[in-house]
Amino acid sequence: QNSGAWHSLGIVGGGEVQGQQYTNKQCYVRALEINPQNSGAWHSLGIVGGGEVQGQQYTNKQCYVRALEINPQNSGAWHNLGIDGGGEVKGQQYTKKQLSLIHI
């Protein structure tokens, strides 16, 4: 099981694996079930509106925060968190305005 491969399959819109069709969201969730530390998969799951990972529901904003807790250099997650109005990452609150000024 390869988390990166599932994430990549999601990026291209999903597809068929061993006769079963998977949506992009299902691919991101599968990637995170294999490796919950996959920052890119958290970011991607946020882009498609969030979802349930290992029995816990995550909003898109929570997915961006999770991505940033794992990899603070994930510029896409910073950008999307800003678009969503900001939020708290590792105990630090960031406003939408602050995030619009971040250039990673």
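Predicted model: local features only at pLDDT ≥ 70, side-chain atom pairs only at ≥ 80, totals over all residues.
1. Ground rules: local features need pLDDT of at least 70 and side-chain atom pairs count only at pLDDT 80 or more, while totals for chains, interfaces and linings use all residues. Residues are numbered from 1 along each chain as its sequence is written, and side-chain values use heavy atoms, with hydrogens and water left out.

2. Start with H4 (residues 60-70) and H5 (residues 75-83), whose axes come within 9 Å and cross at roughly 145°. Helices here are DSSP runs (H or I, at least four residues); axes are lines fitted to C-alpha atoms over the stretch in contact, with angles from 0 to 180 degrees between N-to-C directions.

3. On the H4 side, Lys-61, Tyr-64, Val-65, Ala-67 and Leu-68 meet Ala-77, Trp-78, Asn-80 and Leu-81 of H5 (contact: heavy atoms within 4.5 Å). By class, that contact has seven nonpolar, one polar and one charged residues.

4. Leu-81 also turns up in the largest nonpolar core, which has 23 residues; Trp-42, Leu-45, Val-53 and Leu-81 have the most contacts inside it. Core members are buried (under 20% relative accessible area, 1.4 Å probe, protein chains only) and joined through side-chain atoms within 4.5 Å. H1 (3-11), H2 (24-34), H3 (39-47), H4 and H5 each supply at least two residues of this core.

5. Have a look at Asn-38, in the loop between H2 and H3. Asn-38 counts as buried because its relative accessibility is 13%. Its side chain makes a polar contact with the side chain of Ser-3 (2.9 Å); the cut-off is a pair of N or O atoms within 3.5 Å, one able to donate a hydrogen and the other to accept it.

How values were computed:
Nonpolar A, V, L, I, M, F, W, Y, C, P; charged D, E, K, R; others polar. Buried < 20%, exposed > 50% of the residue type's maximum accessible area, 1.4 Å probe, protein only.
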